[in-house]
Amino acid sequence: MAEFALGLTKTAVAGTVSRVKSAIEEEADLRVRVQDDLVFISGELEMMQAFLSASGAGERASKNQVVRTWVRQLRDLAFDVEDCVEFVVHLDNKTSRWDWVQRLTSSFLVCMSMPPLPLDAAVEKIKRLKARVEDVSQRNIRYKLITSGGGDDQQILRQTSVSGASSAAAAAAAAAATFQALRKVWKDMGKLHDAVSSSDLNKLIDCQGSELQVISLWGSPQADAIGQLGWKAMVKQAYDDASTCREIKNRAWVKPTHPFNPVEFLNALLCHFASHLHRRQHDDVSELVRQVSQHKYLIVLEQQLSSIADWDAIRLCLPDGNNGSRIIVCTRHLGIAFACSREPYQVWELRPFFRDQYLYAIFPKGRGHRIGMGELYWQLRRPGVVSLLWNHHDDRNEFMQPLRGDGWRNYLRGPDPDGVEFEHCCLYDVPYRTTSIDMLIELADKLLRSCYPEEKLKTMSSQDRIARSRMLLTEHNWFVCISIINRGSMDWDLIKRELLHESTRGSILVVTKEQSVANYCVDHESRVLDVRDLLRDSHHRGHGDRGGEIEEEDKSKPGNFVGSSRCTFSLALENNGVVSFWGIAGVGKSASVRERYYEEKTHSRKKFGWVDVPHPFDMEDMCRRLLLDFYSDEAKEAVAIAMMEGQDPTQWCSKILHENKFVLVLDGLQSKHDWDLIKAALLSEPITPGGTTVVITREESIATHCTVGSRDIHNIKT
């Protein structure tokens, strides 16, 4: 009894201490809020005053009833703000340092009606005034009350507005270009997978592997309203999907508090879990973590993660229980997305919203995800019938060829843990000209030949062969691939009735060109696959381009160096400074230089960079391309991610050129002004000795402008 009383006392004291701290913190927070709101209101009024002076509002008010009404509302608001400021000043003189005691008392005596504290009244009054200030400010914009005239100040206002809009548009365009550069790097590396359907997120959730897997959702920079335009709807669809609910019964959609409270978070999870009877909430974190880890769960963290520290705090509460649990996090910070999913990772483009706005899923690589052949492996693990649809014979043959002979085991086994094991394999192409019963007997014979000698088969009747085949499919784990070409669904009805049974083990793959037959053979549309989707991973890897557009004939066929030998380019690289090559369009300038460029690059330790100068000229776009070309394929991804995280490509390129011996090729320069900009931004003195810049242009005047001496100018002709 004494121990119980002691425990009760400890609980009561702990609760009181917590309430006292909360009351003091609330008092301090309210005071800070009052000060912040007053600063905001004062700033708004100052801007309104300057705007009125700049726009000649007095003259307009005398002529316009609407403007006159708005000016009067602004005047009344200013008087009310003045009264409120006086109230707050007197409040500082009257309030006591012990007001928090009354606040604490009111939290206990919730049933009693107590007058509000002066500070609370001030907070409420300023809150209403702030709303009025915002409304009056928006009213001018909404009704376009004061928009023109006004002399120099008005001109400054217009210029500022246009400049701000232009800067925002330029920043958005730069972010879009950087994102597209990263997307291309991912595609070249084979990390990026295009979405096929809206159910792709379900495939990421419902995949093989017992380890805890984290799926990070990251939006492209242009999708600034992604939280409102789609990711929640997409995740909600996957969260409520029938197959997801069937596979993962314990699901929780939670919004972690900031700062993060592990006790509150874990108790909320257990309350959501369907298979866990959470009788009471408690604050034993280790016990709560143990209880959560016992369940297979799907957790969606609705709150946008803004720091890796936030994720680390959450992850400590969710240890890996090796039961196939999944976590979905959402963030606009690419670095956080990578930290959550960990390397090596893959990227799945879930759905384009509009224009360049996308939503991407970043998830661990090689963890049984349903991508390409991984989707087939996942389907074959579930006994039953799967349909494979094809449109072109080449696609069908590419898929079927590895299954023939003894290669089917390795082909279906795939990379661990994605593959699936079968004891026997049977491939059967349904003949075009044969009766349905002959087709059935021929298929039965194919199955029996794996277990019976040919002499034994000859002694069996047709019915006996069919019965024994049906028994084989129930006793052993089979992979049966039936290719139906130009045949109706009646053949499938006969196969299903005579050979398949509820206890049939293994999987049946129906390969057909007809959509109607593919749908007819399976029990759900999700069991219909497209052969192009299975093979697309092998077609994934592209090759990087070189930036801007230059005539193909100029790039493909080398021209001749006039008055110089074939070693002109090699000799030019030995000199510091600028070397120019010029010639008419289509003469082969780029091809001539590139041939020597790559020869030098293979055995030189210099930094080599080739960039096509964009038209119209854009310094940041050019430096973005150049920066990626400076680095190897393995390093390009890290460079693109760094630019996504805010690294300035122009400064980065300048740093490389000033700290290394280099060979820089500027292909397609069309303006002396563009050269002057490039020189000022990237090639300002002092340049590290051993740096060579090669300019390729059509105009002799540009070539002359870029170089110091005539010996560094070379004309290329056909």
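**Reading backbone, burial and packing**

Modeller: Let's start with Asn322, which is exposed, with a relative accessible area of 52%. The cut-off for exposed is over 50%. Please keep in mind throughout that this is a predicted model.

Colleague: Where is Asn322 found?

Modeller: Asn322 sits in the loop between α13 (308-316) and β5 (326-331). For its backbone, begin with the general idea: most residues other than glycine have a negative phi, and most peptide bonds are trans. Asn322 is not a glycine, yet its phi is positive, at about 50°. Arg342, which follows α14, also has a positive phi, near 70°.

Colleague: And what kind of peptide bond joins His615 and Pro616?

Modeller: That bond is cis, with omega about 0°. Pro616 belongs to the loop between β15 (607-612) and α27 (619-630).

Colleague: Let me step back to the whole chain. How many helices and strands are there in the protein?

Modeller: The protein has 31 helices and 18 strands. Among its 718 residues, 44% count as buried. As for contacts, take those with a separation of 6 or more: residues 24 or more positions apart account for 76% of them.

Colleague: Now helix packing. At what angle do α18 and α21 pack?

Modeller: Helix α18 (residues 436-448) and helix α21 (residues 489-499) pack at about 50°, and their axes are 10 Å apart. That angle makes α18 oblique to α21, and their crossing is right-handed.

Colleague: Which residues of the two helices meet there?

Modeller: From α18 come Ser436, Ile437, Met439, Leu440, Leu443 and Leu447, and they meet Asp491, Leu494, Ile495, Glu498 and Leu499 of α21. By class, the contact of α18 with α21 holds eight nonpolar residues, one polar and two charged.

Colleague: How do α27 and helix α28 run: roughly parallel or roughly antiparallel to each other?

Modeller: Look at the angle before naming the arrangement. α27 and helix α28 (residues 633-644) pack at about 150°, with axes 8 Å apart. The cut-off for roughly antiparallel is over 145 degrees, and α27 and α28 are therefore roughly antiparallel to each other. Their crossing is right-handed.

Colleague: And what residues make up that contact?

Modeller: Arg624, Leu627, Leu628 and Asp629 in α27 meet Lys636, Val639, Ala640 and Met643 in α28. The contact of α27 with α28 divides into five nonpolar, no polar and three charged residues.

Colleague: Let's finish with cysteines. How many disulfides are counted?

Modeller: The test is a pair of cysteine sulfur atoms within 2.5 Å, and by that rule the count is zero. Cys653 shows how to apply the test: its nearest cysteine sulfur, that of Cys623, is 4.5 Å away, and Cys653 is in no disulfide. Cys653 is also buried, at a relative accessible area of 0%. Cys317, at 5% relative accessibility, counts as buried too.

Colleague: Cys623 makes me curious about Thr650. What is Thr650 in contact with, leaving aside its neighbours within four places in sequence?

Modeller: Thr650 is in contact with Met619, Glu620, Cys623, Ala681 and Leu682. Thr650 is found in helix α29 and counts as buried at 16% relative accessibility.

Colleague: And Ser654, is it buried or exposed?

Modeller: Ser654 counts as buried, at 15% relative accessibility. Its place is in helix α29 (residues 649-659). Not counting residues up to four places away in sequence, Ser654 touches Ala681 and Leu682.

Definitions and conventions. Residues are numbered from 1 along each chain as its sequence is written. This is a predicted model: local features need pLDDT of at least 70, side-chain atom pairs count only at pLDDT 80 or more; totals for chains, interfaces and linings use all residues. Side-chain values use heavy atoms; hydrogens and water are left out. Axes are lines fitted to C-alpha atoms, for helices over the stretch in contact, and angles run from 0 to 180 degrees between N-to-C directions. Helices (H or I, at least four residues) and strands (E, at least two) are DSSP runs, numbered from the N terminus. Angles under 35 degrees count as roughly parallel, over 145 as roughly antiparallel, 65 to 115 as roughly perpendicular and the rest as oblique. A crossing is left-handed if the near helix is turned anticlockwise from the far one by less than a right angle, and right-handed if clockwise. Contact means heavy atoms within 4.5 Å. Ala, Val, Leu, Ile, Met, Phe, Trp, Tyr, Cys and Pro count as nonpolar, Asp, Glu, Lys and Arg as charged, and the others, Gly among them, as polar. Buried means under 20% relative accessible area, exposed over 50%, partly exposed in between (1.4 Å probe, protein chains only).
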